[in-house]
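Subject: Structure for your review

Dear colleague,

Please find below the structure that I am handing over to you. My findings follow directly after it.

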Amino acid sequence: PREVFVSESQRPLQLLHVRDTKVKGIEVFEYRLNPAELQPNEQYVSPVYGLFNIEPISHGIPLEISKPFFLNADPELARAAGLTPDYGRDSTFLDVEPMTGVAFRASLKLQINTRINSNLTQVFFPHAASGVWPLLAIHRDGIISDSDADSFKRTIRAALIGAKVGFGIGLTLGILSLALAAYLAFRPACGSGVPSGGYDDLDAAAASGPAGKREDAALMEGFR
């Protein structure tokens, strides 16, 4: 769910994710108004299903906001006004790109209504038994431009390629690191055959020079 603040009604409203769709080839989440928001609400003094009371912010003028043609409101409202609502035509929705959280397309559709007392209803609006009469509709649309959509797709494509390359390099380095660690842990003893004194003894023998060589010759002569 997402929460948005609707300035026309001066209240936050919750939107629900209803489906995945695309805007100019870009995958988005489509959000629509949570039906629970249409319930009568004592906090906002809205006793009728599907109507939002805005009298407190309209200088005392008895105004109500609803969806166009009283969509998803009390059926008596549309019947009394002789209106036929259409879900596809009269719904407000918001399409949000999931990775960035930015709205790529939006359609706000509202209807401003007024409450009239029973006397005026009978005189001027004999069929408006509900006492609520539509005054005007508000319809606002917005969508990402072609250039911004193309730029976004190029950026995302580059980011995905970079992620794949980075993953490949990281995997290769990881394998090399494991191979090096295994070699260091299990390599054979490279000093095999060296006298117990180590390489220091070999250095000492080399330093003895000709004297050492004569001793070796005498020792070999004794074995003959």
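A residue is called buried when its relative accessible area is under 20%, exposed when that value is over 50%, and partly exposed in between. By this criterion, 28% of the 224 residues in the protein chain are buried. The chain exposes about 14,800 Å², of which carbon and sulfur atoms supply 61%.

Please note that this is a predicted model. The average pLDDT of the protein chain is 77, and 64% of the residues score at least 70. Residues 190-196 fall below 50 in pLDDT, and in the model this stretch has five contacts beyond near neighbours in sequence. Where pLDDT is low, the predicted coordinates should not be read in detail.

Regarding the fold, the protein chain contains six helices and eight strands. Their order along the sequence is β-β-β-β-β-α-α-β-β-α-β-α-α-α.

I turn next to the largest pocket. Its space amounts to about 380 Å³. The lining comprises 24 residues, and V4, V6, L13, T92 and L108 are the closest to the centre of the pocket. Two or more lining residues come from each of strand 1 (2-6), strand 2 (11-23), strand 3 (26-33), strand 5 (63-66), strand 6 (93-97) and strand 7 (102-115). Strand 7 makes the greatest contribution, with five residues. Sorted by class, the lining consists of 14 nonpolar, five polar and five charged residues.

Two residues deserve a separate remark on backbone geometry. F69 has a positive phi, near 60°, and is not a glycine. This residue is placed in the loop between strand 5 and helix 1 (75-81). The relative accessibility of F69 is 29%, so F69 counts as partly exposed, given that this class lies between 20% and 50%. N72, likewise not a glycine, has a positive phi of about 60°. N72 is also found in the loop between strand 5 and helix 1. With a relative accessible area of 33%, N72 is partly exposed.

Yours sincerely,

A colleague

Methods. Residues numbered from 1 in each chain as written. Predicted model: local features only at pLDDT ≥ 70, side-chain atom pairs only at ≥ 80, totals over all residues. Heavy atoms only, no water. pLDDT = per-residue confidence, 0-100. Contact = heavy atoms within 4.5 Å. 1 Å grid on protein atoms, 1.4 Å probe; cavity = no way out; pocket = protein on both sides within 12 Å on 5 of 7 lines; lining within 4 Å. Points joined across faces, edges and corners; volume = space filled by probe spheres on them. Helix = DSSP H or I, 4+ residues; strand = E, 2+ residues; numbered from the N terminus. Nonpolar A, V, L, I, M, F, W, Y, C, P; charged D, E, K, R; others polar. Buried < 20%, exposed > 50% of the residue type's maximum accessible area, 1.4 Å probe, protein only. Areas by Shrake-Rupley, 256 points an atom, 1.4 Å probe, with all protein chains shown as cover.
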